[in-house]
Amino acid sequence: MDVGVHKHIVPGGHGHAFEVQKGTSFRIVDLHGLQIVDMMAWILPYPSSLEHLSMSYTRYSLNGSAPPAVGDCLVTNKQEPIFKLTADVCHTHDMTFMACNPAFYAEKGLVGHRSCAENIAEAMRPWGMRSYLEATAVDPFNIFQNTPDMTLKDLGCSRAGDYVEFEVLKDAVVGVSSCPYDVVSSPVLLLEERFGQSAGWSVVDS
């Protein structure tokens, strides 16, 4: 494998966090289909930097359009671009819903159920995140989630091999969760981190 290429396997229903540098790129791939991925990001250094990926600022930047198209940028709460979308096979993503959290499942009688907020908080622990409430302060980019058009097709509509790819515009730490929501299964998510011209793959297994 080329130098600078990174692989990581994350169980379905769990999370992963990784640092990315400006000028590199990363790819998130759904290996088996129908897997929603919550993605959050914080500008480094975390936690001293208060800047993070923001869906409300991104919606404003895109004049309310959702999801972003190839060539569009996701922006931070400082209204600065953090990631540029360079490839998108699925074209179906959500920018409006929060990450599922313990209270969300407790209301449904599922106390102790895994959640995206906890998954990302666990993955972010090495960077100093202490509580899932720190994760819920950031609304995620819900990759492969069909919330805006769920009356027309399923909530999870991605196919095996669908992916999104981002160019990194600011040094950041990215947290992702292979969503454990029970209405759909938790198949395998593939996360690819590309550095320079190299390509690498990280696999999230169910």
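## Exposed, buried and in between

A residue is called exposed when its relative accessible area is over 50%, buried when that value is under 20%, and partly exposed in between. Keep these words in mind as you explore this structure, which is a predicted model.

Most residues other than glycine have a negative phi, and most peptide bonds are trans. Let us meet some exceptions, starting with phi. N63 is not a glycine, yet its phi is positive, near 60°. You can find N63 in the loop between α1 and β5 (73-75). Its relative accessibility is 74%, so N63 counts as exposed.

F144 is another non-glycine residue with a positive phi, here about 70°. Look for F144 in the loop between β8 (141-143) and β9 (163-168). Is F144 buried or exposed? With a relative accessibility of 0%, F144 is buried.

## A loop with cis peptide bonds

Now turn to the peptide bonds. The bond from L44 to P45 is cis, and its omega is near 0°. P45 sits in the loop between β4 (37-43) and α1 (55-61).

Y46 and P47 are also joined by a cis peptide bond, with omega at about 10°. P47, too, is located in the loop between β4 and α1.

## Charged partners

Side chains of opposite charge can pair when their charged atoms come close. How many salt bridges does a search of the whole structure find? The search finds six.

One of them links the side chains of E80 and K170, with an N to O distance of 2.5 Å. E80 is in the loop between β5 and β6 (81-88), while K170 is in the loop between β9 and β10 (172-178), so this pair ties together parts that lie 90 residues apart in sequence. E80 is partly exposed, at 30% relative accessible area, whereas K170 is buried, at 17%. The pair also belongs to a network of salt bridges that links E51, E80 and K170.

## Two more pairs to find

R130 forms a salt bridge with E134, and their closest N and O atoms are 3.9 Å apart. R130 has a relative accessibility of 77%, so it counts as exposed.

R159 pairs with D162 in a salt bridge, where the closest N and O atoms are 3.7 Å apart. Here R159 is exposed, with a relative accessible area of 56%, but D162 is buried, with a value of 4%.

Terms used: Residues numbered from 1 in each chain as written. Predicted model: local features only at pLDDT ≥ 70, side-chain atom pairs only at ≥ 80, totals over all residues. Heavy atoms only, no water. Helix = DSSP H or I, 4+ residues; strand = E, 2+ residues; numbered from the N terminus. Buried < 20%, exposed > 50% of the residue type's maximum accessible area, 1.4 Å probe, protein only. Salt bridge = Lys/Arg side-chain N within 4 Å of Asp/Glu carboxyl O.
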